[in-house]
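My notes follow, in the order I made them.

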Amino acid sequence: MTAESLSGAAEPYRFGPAKALRAASDAVPPSGLVLLAILSVQVGAGLAKNLFAELPPTAVVFLRIATGALMLLVVVRPRVRGLSRRDLAVGVAFGVSLGLMNLSFYEALARLPIGIAVAIEFTGPLTLAVVSSRRRLDLLWVLLAAAGVLLLAPWDGAGAASWAGIGFAALAGAFWAAYIVFAAATGARFPGASGLSFAMIVSTIVVAPVGVATGGAGLLRPEILLLGAGVGLLSSVIPYSLELQALRRMPKRVFGILMSLEPAVAALVGLFVLGEVLGAREWAAVGCVVVASIGATRSGG
């Protein structure tokens with residue numbers, strides 16, 4: 001998932017590894033950082049999907065979030081001293097939305113090609129952006145994205161999508177919209193990056209019961225733990241860091257336009273990493289969502 005909404009939720013990490021990462025990222029143009037972040041997220045999703053042969057999606061989600069939370073705790077500790085109960089409630093809501101978003105998305109990923117799952121999920125933040133802007137023109141972008149989803153629907157029982165997969169992807173999109181709202185609120189209430197770290201801990205607690213119950217002893221296999229750490233690194237730690245660096249060096253509108261390419265990148269990762277071949281109708285649907293997202297970002301900027 002993206003960190004566009006975290007632009008105000010974190011500050012530069014004050015420690016050795018982060019400084020090294022920041023120094024390396026300074027040599028890369030901000031647009032390159034965004035594209036690398038997108039690629040990292042989608043390769044991480046592809047690696048997670050390969051794990052579905054060993055563990056159910058709910059267990060893989062738990063591995064991803066738990067390992068990501070542990071890595072983040074190494075670099076930043078949650079600072080809750082002085083925060084009110086309302087502040088903590090907002091942080092908890094952020095963590096819950098993060099956990100449920102990932103649970104829904106991985107269930108969609110188990111039933112859909114990655115490009116289709118990401119395209120449908122994108123309708124959540126797109127709708128939020130349109131509702132926030134209240135421009136009549138933006139209704140066009142919602143209709144275009146809806147047309148993309150309709151193209152993906154298996155009306156004739158054929159195609160790469162399933163109704164259950166579409167439902168989980170749409171649910172992930174709704175939680176993504178909530179995630180954006182609570183991320184911004186958390187960034188305004190928590191100091192530095194501690195809000196994200198706090199939310200990751202909450203998210204781990206949320207997904208742990210179902211993840212541990214479905215994963216069982218398989219979660220303790222060393223090779224599975226290693227792969228889970230890789231998913232957490234690629235899907236959370238690396239992209240969040242790159243996106244935050246990029247946001248300091250480029251306008252948010254340009255960042256949003258680049259992030260709109262994510263469904264297309266996901267489809268390409270699905271093709272080259274997972275061997276998921278989309279038909280002309282599926283590519284047209286992904287294109288509709290990408291164009292709608294770019295249009296909404298530009299008109300909202």
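I began with Glu107, which is buried, at a relative accessible area of 15%. For the record, buried means under 20% relative accessible area, exposed over 50%, and partly exposed in between, with a 1.4 Å probe and protein chains only.

Two reminders to myself about the source. This is a predicted model, where local features need pLDDT of at least 70 and side-chain atom pairs count only at pLDDT 80 or more, while totals for chains, interfaces and linings use all residues. Residues are numbered from 1 along each chain as its sequence is written, and side-chain values use heavy atoms, with hydrogens and water left out.

**Charged pairs**

Which side chain does Glu107 meet in a salt bridge? I found Arg111, at 2.7 Å, N to O. My cut-off for a salt bridge is a side-chain nitrogen of Lys or Arg within 4 Å of a carboxyl oxygen of Asp or Glu. Arg111 is partly exposed, at 35% relative accessible area.

I got 5 salt bridges for the structure. One of them joins Glu276 and Lys49, at 2.5 Å, N to O. Glu276 sits in the loop between helix H12 (262-273) and helix H13 (280-300) and Lys49 in helix H2, so this pair ties together parts that are 227 residues apart in sequence. Helices here are DSSP runs (H or I, at least four residues), as are strands (E, at least two), numbered from the N terminus. Buried or exposed, I asked of Lys49? Lys49 counts as buried, at 18% relative accessibility, and Glu276 is buried too, at 15%.

Next I checked Glu223 and Arg221, whose side chains meet in a salt bridge at 3.0 Å, N to O. Glu223 is partly exposed at 40% relative accessible area, and Arg221 is partly exposed at 30%. Both belong to a network of salt bridges that also takes in Glu54.

**Ring pairs**

I then turned to the rings and got 5 aromatic pairs. Rings of Phe, Tyr and Trp (its six-membered ring) pair if their centres lie within 6.5 Å; planes under 30 degrees apart count as stacked, over 60 as edge-to-face and the rest as tilted. Phe52 and Tyr106 make an edge-to-face pair, 6.1 Å centre to centre with 65° between the planes. Phe52 is in the loop between helix H2 (30-51) and helix H3 (57-75) and Tyr106 in helix H4 (residues 85-109), so the pair ties together parts 54 residues apart in sequence. I noted Tyr106 as buried, at 1% relative accessible area, and Phe52 as buried at 17%. Ring pairs also bring in Phe105, which forms a cluster with Phe52 and Tyr106.
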